[in-house]
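The text starts with a term, then turns to the chain and its parts.

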Amino acid sequence: MADEVHANGSARSKTNDRLVIGGHSFSSRLIVGTSRYPNPQVMLDALDATGTELVTVAIRRVNVENPAPESHLDLLRKGGYQILPNTAGCYTAREAVLVAQLAREALGTDLIKLEVIGDDETLMPDVEQLLDAAKTLVDDGFTVFAYANDDPITCRKLADMGCAAVMPLGSPIGSGMGIVNPYNLRIIREEVDNTPLIVDAGIGTASDAVTAMELGYDGILLNTAIAEAQHPVEMAHAMRLAVEAGRHAHRAGRIPRRLYAQASSPTSGQVQVDA
C-alpha cells in the first residue's frame, strides 16, 4: 500500500495503520473468500487484485488432510496467502468445534472463522450455539473470528468472552443487499470499542464496502460480490480501492450534516458593490 501524503507534503508509512487481530498483523483490511469463482485462475487473479493477505476456506468442503498437488489449498499456499479456515456448514456448537480442531491439526493455524448457522434459508447465525462454540474455542486457544448477527448484545458478548474479531453481517450471506442496518452497525461499533470489527456477508458492490469502513469498521470480509461479478478481477480491484477510501474517509473525519447551506467562501472582508 502507498504511503500517506500529508498537506505539508510529507509522507508517513501506513505500517502504523495495520489491521491487528490476535497476534497477527495485516497491511490489507480486506479478507476474501475462495469459492464460486469461474475457475482457479480467475480466483488467483482476483485475489491478487484485492491485495489481500488473508483468505478464508470452508474446511468441510476441501480435503485438508491429503490435498492433491495444484489443489485449492496448494494454489493458495503457493500464492503466499495466509489461510483463515472457516466452519461453514456447521449447525451446532459441537460440529463447529470439531471442524475447528481438524483445521488446526491439518493446517497448523490457530485462526478460525466461526460460523454456526441456524437454517438453510437465511443462513443466519444461531446465537445460542454460536456463543457456546465461541467460548469453547477461545478457552482452547483459538484466535476466533466470530460471524454474528447485527445485534449489539451478541457482538458485545462475543468480544467480552475473548473473540479476537467480531464479524457482524451487513445482510444475509450471498444476498448482495449491502448494509441494510447501518444504525445497528454503528451501535455495535460504539459498544465494542476494543475489539476489531469486520463486516462479513452481504457486501454487493464497492459503495457497500465504503459505507462499512466509514462507519469505523476495521475491515471487510467478502466473497460472492467478487466471485459472481460479471468481471471478477475488475470488481476485486474496485473492492480494494473502496476499503482503502472508506478507511481514509473515516480517519479524516467527515463534516457534520447540516439542514441548511453554508457558504464555503468567507463573508468577512468582502468588496462592497453598489447596486
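This is a predicted model: local features need pLDDT of at least 70, side-chain atom pairs count only at pLDDT 80 or more; totals for chains, interfaces and linings use all residues.

Helices (H or I, at least four residues) and strands (E, at least two) are DSSP runs, numbered from the N terminus.

Residues are numbered from 1 along each chain as its sequence is written, and side-chain values use heavy atoms, with hydrogens and water left out.

For the protein chain, the mean pLDDT (the predictor's confidence in each residue, from 0 to 100) is 89, and 89% of the residues reach 70 or more. Over residues 1-15 the pLDDT is below 50, and this stretch has 20 contacts in the model beyond near neighbours in sequence; contact means heavy atoms within 4.5 Å. The chain contains nine helices and twelve strands. Of its 275 residues, 47% are buried, where buried means under 20% relative accessible area, exposed over 50%, and partly exposed in between (1.4 Å probe, protein chains only). Among contacts between residues at least 6 apart in sequence, 64% join residues at least 24 apart.

Helix α1 (residues 40-50) packs against helix α9 (residues 232-252) at an angle of about 20°, with the axes 7 Å apart. α1 is therefore roughly parallel to α9, since angles under 35 degrees count as roughly parallel, over 145 as roughly antiparallel, 65 to 115 as roughly perpendicular and the rest as oblique. Axes here are lines fitted to C-alpha atoms, for helices over the stretch in contact, and angles run from 0 to 180 degrees between N-to-C directions. On the α1 side the contact uses Val 42, Asp 45, Ala 46, Asp 48, Ala 49 and Thr 50, and these meet Pro 232, Val 233, Ala 236, His 237 and Arg 240 in α9. By class, this contact has six nonpolar, two polar and three charged residues; Ala, Val, Leu, Ile, Met, Phe, Trp, Tyr, Cys and Pro count as nonpolar, Asp, Glu, Lys and Arg as charged, and the others, Gly among them, as polar.

Which residues does Ala 236 touch, not counting those up to four places away in sequence? They are Ala 46, Ala 49, Thr 50 and Ile 226. Ala 236 is buried, with a relative accessible area of 0%. Ala 236 and Asp 48 lie 188 residues apart in sequence, yet their C-alpha atoms are 8.4 Å apart in space.

Helix α9 has another partner. The axes of α7 and α9 come within 8 Å and cross at roughly 25°, so the two helices are roughly parallel to each other. α7 contributes Ala 206, Ala 209, Val 210, Met 213 and Glu 214 to the contact, and the α9 residues include Ala 238, Met 239, Ala 242 and Val 243. By class, the contact of α7 with α9 has nine nonpolar, two polar and two charged residues.

Two loop residues remain. Ala 201, in the loop between β11 (198-200) and α7 (206-214), has a positive phi of about 90° although it is not a glycine. Ala 201 is buried, at 9% relative accessible area. Arg 36 also has a positive phi, of about 75°, without being a glycine, and lies in the loop between β5 (30-33) and α1. Arg 36 counts as exposed because its relative accessibility is 57%.
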